[in-house]
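Dear colleague,

I am handing over the structure that you wanted to look at, and my notes on what was found in it follow below. Please read them with the model open beside you.

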Amino acid sequence: MSQTPFNIQRAAVIGAGTMGRGIVMCLANAGVPVQWVDNNPQMLEQALTAVADTYAHNVRQGRIDQAEADARIARVTAAADYAAIRDVDLVIEAVYENLELKQKIFRELDGLLKPEAILASNTSALDIDAIAAATHRAPQVLGLHFFSPAHIMKLLEIVRGAQTSPAVLEAALELGKRMGKVSVVAGNCEGFIGNRMLHTYVLEARKMLLEGAYPYQVDAALQGFGFAMGPFRMFDVVGIDLGWRARELAGKGQDAPEVQVDNRLCELGRFGQKSGDGYYHYEPGSRQAEHDPQVDALVLEVSERLGFQRREITPEEILERCLLALVNEGAKILEEGIAGSAHDIDLVYLNGYGFPADKGGPMAWADQQGLTDIHQRLIALETRQGDHWNPARLIGELAAVGKGFADR
């Protein structure tokens, strides 16, 4: 049976939150008419206004002219319910991260939409196969993981489920191109490519706070290397409370030593930029992260209470642990076939996570160091820090034959 090419002419977005707004603009900017659904009519009204305001702002800045702004706004229409969007070619669901809720939405959509419609979830970590299982059209279900703010960030992770058809992936890549995105196809696993690697990187940063570093030192070392921002500044921008609330909801992970500093900050209402205080202090109306000695005192108190003997942690150690955490996880992702190539991983990190462009991405950086060198450095960390530093099998294999990630 030959695959019919899927032609995405009309789309719908479910959810009028921050991500939904950005995704709607991505589609409208690409010339795709989009119907917008949210079970809260008031929220949808506000979202439509916010989109119009963004376009008006773009006109004032000279990015687009008034005629283009009008054309984009005209492509976006509110839809009363799922029945109203039954003729679209693609639906992108952008509700909050809850598997049961997403499955319920996909089940309902599956029953209403035309048979050839594609269903996509903008999840950042949930199991695409579990979402697809709620439908009778698993070959037409995939993840379209946009990065926030979606209408500005270049990266799009296209997540293929176990049954996603090649023709559907092709249509998604084509749409990515129309939206001006850097699209990378990822396999289905916890966190896909970007967030799975970020998890290990952030874990090292948090461990170093307990062992003797302070947030501003960790960030300074990584920003000195060329990152757009260090992990703790990033948490402030995203909102420290997101992880905290997610752990509360999941009922697990809240006791881990590594998240105790986050938990204390959240208990104090220090959620990041939006509340004026997080890991840093922000003056009203300012996004300038200012060093806050109160946070250093809090970090010291938490680490001592957990029984850590604090020691000096150098900028070199900070870089070594954060970068090698990325590289080792990236190697496992390659080994498992979650990413098609080392270059794909680098694209994710350059376009979605502020990795310094001149270093070419974590895998390219590792190749420049030489994988024999990387392998030895991982073994040294394993000796000092424990089993989680065990080098990915692929690194040893490539090092043994004098090859790099780019050669496989």
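**Two helices in contact**

Asp241, Trp244 and Arg247 in helix α10 meet Asp262, Asn263, Cys266 and Glu267 in helix α11, where contact means heavy atoms within 4.5 Å, and where helices (H or I, at least four residues) and strands (E, at least two) are DSSP runs numbered from the N terminus. The residues of this contact divide into two nonpolar, one polar and four charged; here Ala, Val, Leu, Ile, Met, Phe, Trp, Tyr, Cys and Pro count as nonpolar, Asp, Glu, Lys and Arg as charged, and the others, Gly among them, as polar.

Please bear in mind that this is a predicted model, in which local features need pLDDT of at least 70 and side-chain atom pairs count only at pLDDT 80 or more, while totals for chains, interfaces and linings use all residues. Residues are numbered from 1 along each chain as its sequence is written, and side-chain values use heavy atoms, with hydrogens and water left out.

Helix α10 spans residues 241-250 and helix α11 residues 260-267, and the two pack at an angle of about 100 degrees with their axes 9 Å apart; axes are lines fitted to C-alpha atoms, for helices over the stretch in contact, and angles run from 0 to 180 degrees between N-to-C directions. The two helices are therefore roughly perpendicular to each other, given that angles under 35 degrees count as roughly parallel, over 145 as roughly antiparallel, 65 to 115 as roughly perpendicular and the rest as oblique.

In helix α9 (residues 231-238), Pro231, Phe232, Met234, Phe235 and Asp236 are buried, where buried means under 20% relative accessible area, exposed over 50% and partly exposed in between, with a 1.4 Å probe and protein chains only. These buried residues of α9 pack against α7 (194-211) and α8 (215-225), and just after α9, Gly239 takes a positive phi of about 110 degrees.

**The sheet**

Eight strands form an open sheet with mixed pairing, in the order β3-β2-β1-β4-β5-β6-β7-β8; two strands pair if DSSP finds at least two bridges between them. The edge strands, each of which pairs on one side only, are β3 (76-78) and β8 (182-186), and the twist averages 25 degrees from one strand to the next. Helix α2 (residues 41-60) packs on the sheet, where it touches β2 (34-37) and β3, and its direction makes about 140 degrees with that of β2.

Strand β7 (residues 155-160) is joined to β8 by five bridges, and these two strands run parallel; Leu155 stands opposite Val182 in β8, and the bridge partner of Glu157 in β8 is Val184. Five bridges also join β6 to β7, but this pair runs antiparallel, with Leu144 opposite Ile158 in β7. Five of the six residues of β7 are buried, so the strand is largely enclosed by the rest of the structure.

In strand β5 (residues 118-121) we find Ser121, which is buried, with a relative accessible area of 0%. Leaving aside its neighbours within four places in sequence, Ser121 is in contact with residues including Glu93, Lys102, Phe106, Leu142 and His145. The C-alpha atoms of Ser121 and Glu93 are separated by 4.8 Å, although the two residues are 28 apart along the chain.

**Backbone details to check**

Most residues other than glycine have a negative phi, and most peptide bonds are trans. The peptide bond from Ser148 to Pro149 is cis, with omega near -10 degrees, and Pro149 lies in the loop between β6 (141-146) and β7. Phe192, a residue other than glycine, has a positive phi near 55 degrees; Phe192 is found in the loop between β8 and α7 and counts as buried, at 0% relative accessibility.

**Annotated regions**

An unreviewed UniProt entry places "domain: 3-hydroxyacyl-CoA dehydrogenase NAD binding" at residues 11-188, over which the chain is 41% helix and 20% strand. UniProt also places "domain: 3-hydroxyacyl-CoA dehydrogenase C-terminal" (unreviewed entry) at residues 191-282 and 318-397. The chain is 60% helix and 0% strand over residues 191-282, and 71% helix and 0% strand over residues 318-397. UniProt positions are given in the numbering used here, feature names are shortened, and annotations may be inferred rather than shown by experiment.

With best wishes
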